[in-house]
Amino acid sequence: MNMLLELGNIRHAYGRQTVVNDLSLALKKGAIGCLLGPSGCGKTTVLRCIAGFEPISAGAIALNGAVISNAGFVLPPERRHIGMVFQDYALFPHLTVLANVGFGLHRLQKTERAARTAEILETVGLADVANKYPHQLSGGQQQRVALARALAPKPDLLLLDEPFSNLDVTLRGRLSLEVRDILKSQNATAILVTHDQDEAFAIADEIGVMHQGEIQQWDTGYNLYHRPANRFVANFIGQGVFLPGTILDPHHVEIELGVLAGEVPHQCMPDCQLCRKGNPVDVLIRPDDVVHDDASLLQATVMHKAFRGADIMYTLRLPGGGTALSLVPSHHNHAIGEKIGIRLEADHVVAFSQSAR
Amino acid sequence: MRDETLSSAETDSGRKNGFLSTSSSAYQALNGWRLIPFLVAAVVLVPVGTVISSLFVPAGDVWQHLVETTLAGLLINTFWLAVGVAVGSALLGVSLAWFTAVCEFPGRKFFSWALLLPLAIPAYVTAFVALGLFDYVGPVQTALRAWLGPDLFWFPDIRSRLGVIIVMVLAFYPYVYLLARNAFLTQGKRSLEVAQSLGFNRTQGFFKLALPMARPWIAGGTMLALMETLADFGTVAIFNYDTFTTAIYKAWFAMFSLTAASQLASLLIVIVFAVIIVEQQFRSRMRYAETRQSAKATPIPLTGWRAWLTFGFASGTLFFAFLLPVMQLGIWAVGVVERDFDQRYLEFLWHSLLLSAFAALLTCAVALLMVYAARRYPDSATRGAVRISTIGYALPGAVLAVGIFIPIAWVDNWLSEMAMQLFHIETGLLIQGTLVTMLIAYMTRFLAVSHSPIDSAMQRVTGSIDEAAMGLGLSGWATLCRVHLPILKGGIFTAAALVFVDVMKEMPITLMTRPFGWDTLAVRIFEMTTEGQWEQAALPAVTLVLAGLLPLIFFMRQTES
């Protein structure tokens with residue numbers, strides 16, 4: 001399948017510091033991608049390289065098969081047909097919502113422009129505030145104006161730089177689903193940058209976890225959580241602990257809590273050194289892998305508890321001294337210091353060689 | 001859960017009690033403060049009212065004479081001067097601001113602060129240096145005649161409308177530069193990026209977005225330059241370019257008609273108020289505009305001839321607006337220092353320092369009282385009074401001099417008459433010709449200068465700081481000394497320094513209301529330059545420039561960090 005956007009081994013250095021290193025990714029038309037990572041990992045820089053605001057020193061960026069950036073060449077941003085939603089929205093304070101959204105439609109006839117502006121305002125649900133000024137709108141409305149303004153010229157690709165970071169948490173959840181619907185309704189291809197995994201899971205089809213200027217894993221949210229490619233991804237996505245274990249065979253790993261049976265770890269190739277019998281490994285145990293079971297003989301001590309409404313997150317000390325997290329429905333209310341029965345319930349194994357720590 | 005609700009209700013009521021107890025104990029002694037903003041507003045309104053009421057005084061002979069001979073010329077002169085300086089400083093200020101804020105060219109960092117340096121030179125100093133340099137007998141024309149022969153018909157006459165405009169643009173463009181640069185720094189690069197992401201190139205982005213978005217700031221800076229132009233007395237006096245301020249001076253001191261002076265002042269005040277109204281419009285728009293700093297905006301690199309053209313433009317401006325006047329002043333001053341640095345010079349200096357110190361003290365004290373009163377009574381009436389009190393900065397010194405002198409003369413006459421009737425004592429004039437008149441005029445004119453730094457320092461003393469201090473057991477007085485003053489210290493110092501320097505440079509009020517024999521540095525410059533004695537004005541001018549540099553450097557340091 002032809003890719004709309006391709007980044008091949010791009011590199012960007014700011015002064016002496018390499019911000020983006022040998023990064024590659026590809027995005028199909030109509031897909032929503034996401035670069036997810038802690039602050040300072042270079043994700044915004046990648047976005048700005050795609051937009052054409054920053055040059056790259058190696059590799060190439062291609063849009064619709066045509067190279068738009070490589071070492072020594074940057075197609076000016078205005079000729080890329082790439083729209084952008086800025087982190088601070090960068091709305092024009094001196095223009096109305098209508099004029100803000102219509103601003104990028106300067107190549108259209110007056111009537112076409114009015115029609116497209118009205119259409120996109122309808123899509124984002126702002127038709128009734130068209131004549132207001134940005135400062136008269138709420139944060140969520142401003143965000144949608146920024147989205148509408150970027151979508152209005154029907155860009156080939158839309159870039160969103162931390163689009164929800166200025167909104168409060170409750171609004172973020174709702175708006176991220178709304179934005180996904182809007183993008184899908186416009187059949188837009190988009191790349192989002194964020195440090196918030198919930199946002200990434202809510203909006204994106206594919207997510208790249210970034211760390212130190214490199215993509216650690218490019219995958220669906222499900223796979224990032226359940227099949228992390230390395231320790232960084234395992235730590236960054238979701239919660240969990242590592243417990244020491246020993247390989248029995250490619251389908252079984254023994255840890256303190258018992259023997260984990262499941263699929264071969266997906267990152268394990270045939271003949272890999274990791275899966276040899278007797279090899280020491282670290283096994284990732286998610287809170288949902290440890291199930292509370294009063295009947296279980298395996299007893300663990302409650303060290304901390306965090307009440308979260310529907311459930312309680314227990315931090316448990318295992319008999320052997322290790323620590324595990326367990327997510328338990330909140331009617332199982334146990335006091336700190338109490339011993340509770342637990343049971344492993346995992347259908348796949350995520351294990352990393354101890355030597356590769 | 002229940003417990004929590006209860007305890008939070010308790011702290012709420014506790015807070016309320018605490019608040020009530022503040023109003024009853026710590027601030028009780030200060031209830032009279034409520035009146036202070038209104039009193040100061042009245043002091044500001046008296047000269048305005050006096051001057052405007054003179055419009056309704058039957059026109060005297062002098063006025064008739066003025067209308068027939070000079071009024072049309074004054075209006076035309078003022079109009080062209082205002083237009084020229086506004087357009088010139090907007091063009092110069094905006095372009096320099098754009099280059100230093102958004103582009104990269106050799107020396108950008110240096111120019112971004114150095115281009116503010118002309119603020120340290122009073123416009124009238126730039127004016128007499130320009131005249132001394134480029135006049136017919138000046139060194140430039142003399143050298144050119146020696147080189148090219150005696151016929152220099154092509155050399156522009158510096159003593160012209162264009163000459164005044166150029167001098168004032170060089171003196172006042174930093175106002176536009178400062179504000180526009182601020183706007184471009186916060187939103188310039190970002191607005192270009194938005195424009196580009198919407199399919200415009202950089203040039204289109206500048207004109208369609210960056211410039212319109214910065215319009216409130218550009219207009220604000222231009223209005224400041226315009227108000228300085230309308231208030232200017234020294235520059236136009238030196239150039240013999242008659243405007244309202246010089247006409248007021250002549251009506252009073254040459255034709256001895258205070259009424260005619262006041263009537264001229266009333267016309268000027270109408271023009272100034274029109275400018276203020278426009279300015280307020282822009283300022284209210286500025287409030288809505290975003291000023292968030294965009295993340296590390298990498299400047300646009302200028303290359304090749306563009307870079308050097310920009311460099312030449314910036315260094316040319318800096319040369320003519322700052323380096324050349326300072327160098328020429330230095331040369332003159334070195335030449336005359338042996339003869340001029342005498343008892344008389346020290347007396348001018350002493351008078352200047354004394355007046356500036358008194359004025360700074362008075363103005364800051366009044367501003368501090370007003371800020372406290374406004375903090376204690378944050379109602380709309382008090383806020384209105386504060387706004388009126390700080391409008392004095394827009395009133396030209398010549399107008400204030402007339403507007404304050406007239407009522408004081410009236411009070412003086414009344415006092416001496418009363419003394420005569422009641423006690424049969426010949427008191428003579430009590431207030432006229434004392435420093436009191438001058439200090440009131442200075443206070444009126446420069447209150448805004450001291451109010452704004454003190455007020456913004458006070459914004460940092462939030463209500464919860466008071467409550468926190470009380471919660472730690474500090475009394476009202478201890479809170480004032482240990483919490484408020486340390487926070488306000490910087491603001492008060494800035495305010496005092498700004499007023500001090502402004503009063504030192506001030507010319508028309510000092511000239512028109514000074515007690516007999518109270519000549520200051522600025523007065524000395526006026527007297528020497530009206531006679532064309534440029535060299536003899538150099539030493540006082542150097543002193544003023546040095547004094548002006550101090551707060552400017554302080555301000556630059558502050559903004560750097």
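**Close-up views of the model**

**View 1. A hairpin in chain A.** Strands β17(A) and β18(A) form a hairpin with 3 residues between them, and A:G309 in the turn has a positive phi of about 95°. This is a predicted model, in which local features need pLDDT of at least 70 and side-chain atom pairs count only at pLDDT 80 or more, whereas totals for chains, interfaces and linings use all residues. Residues are numbered from 1 along each chain as its sequence is written, and chains are lettered from A and ligands numbered from 1 in the order in which they are written. Helices (H or I, at least four residues) and strands (E, at least two) are DSSP runs, numbered from the N terminus. The antiparallel strands β17(A) and β18(A) are joined by 6 bridges; in β18(A), A:T315 is the bridge partner of A:H304.

View 2. In chain A, 5 strands form an open sheet with antiparallel pairing, in the order β16-β20-β17-β18-β19; two strands pair if DSSP finds at least two bridges between them. β16 (290-292) and β19 (323-329) of chain A are the edge strands, each pairing on one side only. From one strand to the next the twist averages 50° (axes are lines fitted to C-alpha atoms, for helices over the stretch in contact, and angles run from 0 to 180 degrees between N-to-C directions). Strand β17 (residues 299-307) is joined to β20 (residues 339-344) of chain A by 3 bridges, and A:Q299 has A:G341 in β20(A) as its bridge partner.

**View 3. The two faces of β18(A).** In a regular strand the side chains alternate between the two faces of the sheet. A residue is buried if 20 or more other C-beta atoms lie within 10 Å of its own, exposed if 12 or fewer, and partly exposed in between, with C-beta atoms placed from the backbone. β18(A) and β19(A), which run antiparallel, share 7 bridges; A:T323 in β19(A) is the bridge partner of A:R317. Their hairpin has 5 residues between the strands, and A:G321 in it takes a positive phi near 105°.

**View 4. Helix α16(B) and its buried side.** In helix α16 (residues 380-389) of chain B, the buried residues are B:T382, B:A385, B:V386 and B:S389. These residues lie on the same side of α16(B), because they cover an arc of only 100° around the axis; the arc is that of the directions from the helix axis to the C-beta atoms. Helices α2 (36-53), α15 (343-376) and α18 (435-458) of chain B are among what covers the buried residues of α16(B).

**View 5. The enclosed helix α22(B).** Helix α22 (residues 521-530) of chain B has 7 of its 10 residues buried, so it is largely enclosed by the rest of the structure. The buried residues are B:L521, B:A522, B:R524, B:I525, B:F526, B:M528 and B:T529. Just after α22(B), B:G532 has a positive phi of about 75°.

**View 6. Where chain B touches chain A.** The contact takes 20 residues from chain A and 19 residues from chain B; two residues are in contact if their C-beta atoms, placed from the backbone, lie within 7 Å. On the side of chain B that touches chain A, α8 (161-197) and α9 (202-213) of chain B are the elements that give two or more residues. The largest share of that side, 6 residues, comes from α8(B).
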